[in-house]
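I opened the notebook to record, entry by entry, what I looked up in this structure.

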Amino acid sequence: MLSSYKGTRNSKIAKCYPLPDVAQVVIDPDTQRRYFRGRLLGKGGFARCYEVTDMKTNQGYACKVVAKARIAKPHQRKKIVNEIEIHRSLNYPYVVGFHGFFEDDKNVYILLELCSRKSLVQLLKQRKSLLEPEVRYFMRQAIKACSYLHSQNIIHRDIKLGNFFINNDMQLKLGDFGLACRVGASTHDDMTVCGTPNYIAPEVLKKGRHGYEVDTWALGCVMYTLLVGRPPFETMSLKETYTRIKTNQYVIPSRISRSAAKLIQKFLSNNPQSRPCLHTVCETDEFFVKGFVPSSLPSSCCMVPPRFTALHRSSSTSEQKGTIKPTSDKINYVLTKLQLNDENTNDRSKWIDKETKSSCSSSPTQDPTIHLVSPDDLYRKLSACLTCMPKVSDSSPSVDISTTSTESTRLSSISTNDGSSSDTLRKLYVCKWVDYSNKYGFGAELSDGSVLVRFNDGSKMTLTRDRQLVRYCGKEKQICSFHPESAPEKLGRKVILLEYFATYMEKHLLKGTRQENTLSTLDRESTPFLAIWVRTQKAMVIYLSNGTMQVNFFGDHTKIILNPGAHDELVTFINENREHSDYILSNILQYGCPQNVATRLEYCKMMLRKLSGFASEETSI
């Protein structure tokens with residue numbers, strides 16, 4: 001934290017003095033404010049950082065604690081004073097906030113902004129590497145933070161993953177100014193070797209003059225590490241790492257896009273003067289200007305990759321081939337700037353950026369309240385089926401029914417015991433979806449062409465395939481139906497969003513696995529609502545109000561769908577080649593099913609149990 005060099009020299013110093021001992025309640029001697037010590041957030045060679053709470057205001061802070069035994073010598077004391085003086089002078093959205101400092105007989109305490117999601121180190125440890133849109137999002141903020149420091153005549157000198165913290169809103173915050181210095185007549189020519197080995201610029205190792213460009217070099221190392229999963233010059237030996245830095249020996253994997261590779265090479269230029277200008281790089285470099293940059297990131301990306309839909313995939317593919325899509329091809333642009341053939345387009349589009357939290361107080365047609373089909377019944381049936389069904393080897397569910405294997409014929413057959421076929425069951429599934437919950441909600445297109453949206457406030461809308469009927473369910477659980485052009489005034493903005501979701505999925509997403517010849521068309525008045533959606537580490541789980549459940553697995557892109565019927569359930573498995581295999585649940589109970597289907601049904605069973613908790617909050621929709 002306060003160390004001037006993160007190498008073997010510090011490990012020797014660390015053995016000489018104990019880390020600070022912090023009481024459960026810390027008191028500021030000057031103001032008499034009391035702070036309750038919470039969990040340990042992190043520790044370095046010279047300091048510990050705790051979460052503390054002001055016992056008067058209940059405000060949380062990160063408290064950096066330095067033992068006075070560590071700063072007994074004048075130059076050590078000067079170092080901590082320098083850190084405090086520099087940090088307290090800064091005020092910028094992408095810099096950790098400074099909230100004060102005090103000392104007692106044992107320690108010095110520095111109160112800082114609490115960043116609840118820790119640092120990029122923890123993020124990368126969980127994720128291994130990040131997607132390019134995520135890297136653009138974080139690097140823009142990192143660059144702006146460094147650019148701000150430089151505008152204040154400050155060099156950070158210890159830019160690395162561990163010093164970029166993430167707050168609750170997934171914003172990046174640059175912290176730890178223990179090695180920072182103000183540029184002056186003597187400081188600018190400083191030849192002190194400082195920093196963290198994997199991020200040190202070559203001019204620092206060569207003990208030559210160095211300035212702002214050392215931060216630019218380190219940003220290149222950060223960008224490389226986020227994309228690749230390891231620092232560019234990392235080796236098992238410190239000496240070898242330094243040799244590679246001095247000779248600029250590193251390899252960019254071929255999977256990294258051309259524009260990303262070019263920017264990394266600019267950042268890691270051996271000539272400091274050839275490195276990019278941080279004040280302009282975000283507005284001029286191809287990596288930022290022509291690539292997809294999300295306006296925000298969901299907190300789930302701390303654990304699993306966010307989904308940027310087919311639009312991001314096509315952008316990345318085009319970039320790899322050298323044909324870059326324009327910046328306007330972004331989800332935010334598509335959902336907020338699409339033009340509708342309507343006289344009132346300009347007035348209506350102004351509603352989009354407002355919160356969509358209105359509900360229906362009056363409507364042209366009031367329908368009866370529709371009750372959510374509870375997941376409990378399907379859970380019980382599926383649980384009994386999986387427990388009692390016979391074991392079957394993992395054979396293809398689409399095997400030729402002319403085979404001599406009686407078991408295979410049974411697996412391929414979808415006839416019920418009384419001779420009725422699965423065609424009497426409604427086969428309905430989600431063929432397209434888009435997660436825009438960071439701003440508006442979650443949208444899906446069904447295999448019958450209808451569009452469903454669940455807004456962030458819990459209200460829901462459906463749009464029929466012919467785009468002539470909208471059905472809305474608000475917080476009061478009352479259903480109302482109307483033509484899109486005759487929407488109640490309070491629902492205007494939501495109808496606009498519904499239409500934009502529909503247009504976006506139609507124009508920008510792949511056609512999915514729609515197979516209209518196998519579908520039974522639903523009555524317009526019985527289109528289900530999107531009741532629950534959950535993204536897990538393994539899959540996207542979607543549950544409709546009529547009891548239909550669908551699980552899309554991220555790993556192999558397979559899908560399993562359970563459609564309810566009056567007397568039985570239709571189980572559909574869609575493999576990685578988009579080939580459908582249909583089963584009747586009662587037949588699975590009698591004959592079993594292939595192991596790859598059974599494994600996915602087990603996952604469905606587990607999720608149905610969890611969905612019961614969500615469904616209890618939606619007793620009727």
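How many residues does the hairpin have that joins S5 to S6? I found that the hairpin connects S5 to S6 through three residues. I note that this is a predicted model, in which local features need pLDDT of at least 70 and side-chain atom pairs count only at pLDDT 80 or more, while totals for chains, interfaces and linings use all residues. Residues are numbered from 1 along each chain as its sequence is written, and side-chain values use heavy atoms, with hydrogens and water left out.

I read strands as DSSP runs of E with at least two residues, and helices as runs of H or I with at least four, numbered from the N terminus. Strand S5 (residues 98-103) pairs with strand S6 (residues 107-112) in the antiparallel sense over five bridges, where pairing requires that DSSP finds at least two bridges between two strands. I looked up Glu 103 and found Val 108 in S6 as its bridge partner.

Entry on a second pair. Strand S20 (residues 549-553) and strand S21 (residues 559-564) are antiparallel and share four bridges, and I saw that Asn 552 stands opposite Lys 559 in S21.

Entry on Glu 203. I located Glu 203 in helix H5 (residues 202-205), and it is buried, with a relative accessible area of 10% (buried means under 20%, exposed over 50%, partly exposed in between, with a 1.4 Å probe and protein chains only). Beyond its neighbours within four places in sequence, Glu 203 has contacts (heavy atoms within 4.5 Å) that include His 210, Val 214 and Pro 272.
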